[in-house]
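Here are my notes on the model you sent over.

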Amino acid sequence: MIASQLIIVFISISFIYYSLNSIFSKKMKDEFGRWGFHKFRIFISVVQLFSGIFLLMSFFYPFFIIYCSSIFFFMMMGAIFVRIRVKDSFLDTLPALIYFILNAIIIYIELQ
C-alpha cells in the first residue's frame, strides 16, 4: 500500500512539474514542435496538470486514481510511439516507458 502511494505522489508531482514546464519553457515548445504536436501543447499540458492534481486528490477521493492513471497510461503509450516515430534514442524514450509501467502498476493494483 505504501509503495503505491509513493508511486502516486511521484507521478503526480512529476506531471505537474512537466506540464508547467511544457507551458512556459522555450525548450519544451521546441520539443512539441519536433514531435509534431505544437498545436496541442497547451491542451496536452493542461490535461497533464489537472490529471496530476486530481491524482494527488485521490488520497481524499480514491475514485480519481483509476481515471488519472489511465489518462497517464495512454498518454505515455502515445509518447512512446511518438519517440519511436521521431527516432529518438532509447534513453530519450525511457522516461515515457517508466511512467507507462508505473501507471500500469497503479491501474493493476486498483483493479484488484
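**Notes on the model**

1. Let's start with Phe63, which is partly exposed, with a relative accessible area of 49%. Keep in mind that this is a predicted model. The cut-off for calling a residue exposed is over 50%, so Phe63, at 49%, stays in the partly exposed class. Look for Phe63 in the loop between H3 and H4. Now find Glu110: Phe63 and Glu110 are 47 residues apart in sequence, yet their C-alpha atoms are 9.5 Å apart in space.

2. Next, compare that with Val46, which sits in helix H3. Val46 has 32% relative accessibility, so Val46 is partly exposed.

3. Now for the inside. Which residues have the most contacts within the largest nonpolar core? They are Ile11, Phe15, Leu55, Phe72, Met76 and Ile106, and the core as a whole has 24 residues. Helices H1 (2–24), H2 (26–35), H3 (41–57), H4 (64–85) and H5 (90–111) each put at least two residues into this core. H4 is the biggest giver, with nine residues.

4. Phe15 is worth a click, being one of the core residues with the most contacts. If you skip the neighbours within four places in sequence, Phe15 is in contact with Gln48, Phe72, Met76 and Tyr99.

5. On to how the helices pack. Two packed helices are described by the angle between their axes and the distance between the axes. For H3 and H4, the angle is about 145 degrees and the axes are 9 Å apart. The crossing of H3 past H4 is left-handed. On the H3 side, the contact is made by Ile44, Val47, Gln48, Ser51, Gly52, Phe54, Leu55 and Met57. On the H4 side, you'll see Phe64, Ile65, Cys68, Ser69, Ile71, Phe72, Met75 and Met76. Sorted by class, this contact has 12 nonpolar, four polar and no charged residues.

6. Then there's the H1 and H5 pair, with an angle of about 135 degrees and axes 10 Å apart. That angle is why H1 counts as oblique to H5. H1 also passes H5 in a left-handed crossing. From H1, the residues involved are Ser4, Ile7, Ile8, Phe10, Ile11, Ser14 and Phe15, and they meet Tyr99, Leu102, Asn103, Ile105, Ile106 and Ile109 in H5. By class, the H1 contact with H5 has 10 nonpolar, three polar and no charged residues.

7. You'll find Ser4 in helix H1. Leaving out neighbours within four places in sequence, Ser4 is in contact with Ile106 and Ile109.

8. Last one: check the backbone at Lys87. Most residues other than glycine have a negative phi. Lys87 isn't a glycine, but has a positive phi of about 65 degrees. Lys87 is in the loop between H4 and H5. With 72% relative accessibility, Lys87 counts as exposed.

Key:
Residues numbered from 1 in each chain as written. Predicted model: local features only at pLDDT ≥ 70, side-chain atom pairs only at ≥ 80, totals over all residues. Heavy atoms only, no water. Core = buried A, V, L, I, M, F, W, Y, C linked by side-chain atoms within 4.5 Å. Buried < 20%, exposed > 50% of the residue type's maximum accessible area, 1.4 Å probe, protein only. Helix = DSSP H or I, 4+ residues; strand = E, 2+ residues; numbered from the N terminus. Contact = heavy atoms within 4.5 Å. Axes fitted to C-alpha atoms, helices over the stretch in contact; angles between N-to-C directions. Parallel < 35°, antiparallel > 145°, perpendicular 65-115°, else oblique. Left-handed = near helix turned anticlockwise from the far one by under 90°. Nonpolar A, V, L, I, M, F, W, Y, C, P; charged D, E, K, R; others polar.
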